[in-house]
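I opened this structure to take notes for someone who has not seen it before. I start with the whole chain and then go to a few places in it.

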Amino acid sequence: MFNLPITSYYSGLEPFLACNMNTLGRFNPMLYGIINPNSTNPMMDPLARLGIQNAMQMGATQAKIDMTSMAAASANNALNSMISQLSAVLQSDKLNESQKSRVNALIEKIKKVQQDLQSVMSKLNASNIDEVKSNVEKIQQQILDLQKEASDLADAIAKELQDEAGSASSNDDATDGTDDNSGSSNGGASGAGDSTGTDVESEYDADGRPSSLAKPTSREVQDICLAFADGISAWYGTDDEKFEAAVTSIDESNVVEVMTRWKESFAGSGNRFSQDSSFIESFLWDADASQKEVLGKHILDMLVKRAELNGLDVTREEANVRAELSAIVTNNDKVQENIEAIYNKIVAKEAQNASQVKNKEAKAEKEDANKKAQAKRNEDAKKAQTAKKQAEVIAREKATFIKDIQDCTGRDDIKELPEGVEIVKDENGNFKGFKIRIKGKDYFGKDYLALVGALEEAGLTLPLPKKQEQVA
């Protein structure tokens, strides 16, 4: 549908004319004051020109009155909504007296602001419209503060209820008859880790997105953008069916990706959307009042969900956008400013998440490499220690073999193993015994006497070197 965006550079008169032509026609059917009152016309006498000026002033004043009344009605609706929601909270049987008292106190504050609004509007007339308009704007700011206070109170009570539930669970564990020391500290540590979410790598993927979200493909994101482009490119204005289908296909898992793709490849890229700087600006230019309220809140809700999954507080921005989307006349600039503030917070946080995940992975890889290096050093040291012990055993057995020869033969001159005698090791390098090969056959013995015995059975003797004097 065709849409008239209400932006910051409009005066109060343009929105009034757009929304109140029927009212204007009743008291200024000739639209005096809409044309230039200073134009000269010889057919127009001074009295007629004075009438035009009066009509222009009257139209401008009436515009201020109507716009202020609209703002007051929207503010009153917001106050009623808060009272209704807080009253519903009071019906919960989980709240204690202290919590109910705090909720009731906030309801009374809201009712007081509502009374102030009614008092201000009761004095509305043409002579004091500027003062009333200023007071209504002050009350609108108070409403934003009350919405923030209500959100903070809800979060605080929710945390108190969660802590009470955790305390009750701990008491049950302590009195169930099990050993107090069995797993209690480990269980507590695990629970704390689950609730605080300190494990960045498990909370977020490599792109910094919350791990609980499915990741859209590049094609899926592109198709949503193309469908949205088709919806706002119809020759007759907006193809509502395509427009609404594209926006409703946005969810918390793809909202940031769609807005990023639109900004990079569609808006400001030299095509027909180049006058727009962002997805939300393109949306606001084409959406009518009902689409802004329904579809605009859908986009907002998806962004808020994504922000909360990243641990971000966007309550102020959310309140600002909701107030505008629920108003009779939407301030597009304010909606765009706050939506993009939420988007920018998410983009920055997910970039930070990705950096933390990357650093954690790099640290883990380094730690793994260090562990492997240390394991190799330990293994090498163990092998060296084993080889040293094996060498000591072999040296000892060799010395014993030579000593046995000396004792059995009286040959003190023999200092080395006889020629042909070899030391035998197993597959691991451990000492097994001695062997000698004679006439193509191996003879084995664990020590000197065993080897001599094996040779004697074959009618052989262990060949010994001749004495030195015999050689001479």
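**Overall make-up**

I counted the secondary structure elements and got 16 helices and three strands. I note at the outset that the model is predicted. The protein has 472 residues, and 33% of them count as buried. I then looked up the accessible surface, which comes to about 28,000 Å². Carbon and sulfur atoms hold 51% of that surface.

**Helices α12 and α13**

Next I took a pair of helices, α12 (residues 289-309) and α13 (residues 315-325). Their axes are 10 Å apart, and the packing angle is about 170°. Angles over 145 degrees count as roughly antiparallel, so α12 is roughly antiparallel to α13. I listed the residues that make the contact. On the α12 side they are Lys292, Glu293, Gly296, Lys297, Leu300, Asp301 and Val304. From α13 come Glu318, Val321, Arg322 and Leu325. How many residues of this contact are nonpolar, polar or charged? I found four nonpolar, one polar and six charged.

**Val132**

I moved to Val132, which sits in helix α5 (residues 129-174). Is Val132 buried or exposed? Its relative accessible area is 2%. The cut-off for buried is under 20%, so Val132 is buried. I looked for its contacts, leaving aside neighbours within four places in sequence, and found Thr68, Val120, Met121, Lys123 and Leu124. Ser122 is 10 residues from Val132 along the chain, and I noted a separation of 9.5 Å between the C-alpha atoms of the two.

**Ser253**

My last entry is Ser253. I placed Ser253 in the loop between α9 (240-248) and α10 (255-265). Why does Ser253 count as buried? Ser253 has a relative accessibility of 13%, and buried means under 20%, so this loop residue counts as buried. Which side chain makes a polar contact with the side chain of Ser253? I found the side chain of Asp251, at 2.6 Å. With neighbours within four places in sequence left aside, Ser253 is in contact with Arg209, Leu213, Ala214, Pro216 and Arg306. Arg306 falls within the residue range of α12, 289-309.

Note on methods
Residues are numbered from 1 along each chain as its sequence is written. This is a predicted model: local features need pLDDT of at least 70, side-chain atom pairs count only at pLDDT 80 or more; totals for chains, interfaces and linings use all residues. Side-chain values use heavy atoms; hydrogens and water are left out. Helices (H or I, at least four residues) and strands (E, at least two) are DSSP runs, numbered from the N terminus. Buried means under 20% relative accessible area, exposed over 50%, partly exposed in between (1.4 Å probe, protein chains only). A polar contact is a pair of N or O atoms within 3.5 Å; within protein, one must be able to donate a hydrogen and the other to accept it, and residues adjacent in sequence count only if both atoms are side-chain atoms. Contact means heavy atoms within 4.5 Å. Axes are lines fitted to C-alpha atoms, for helices over the stretch in contact, and angles run from 0 to 180 degrees between N-to-C directions. Angles under 35 degrees count as roughly parallel, over 145 as roughly antiparallel, 65 to 115 as roughly perpendicular and the rest as oblique. Ala, Val, Leu, Ile, Met, Phe, Trp, Tyr, Cys and Pro count as nonpolar, Asp, Glu, Lys and Arg as charged, and the others, Gly among them, as polar. Accessible areas come from the Shrake-Rupley method with a 1.4 Å probe; for residues, only the protein chains shown count as cover.
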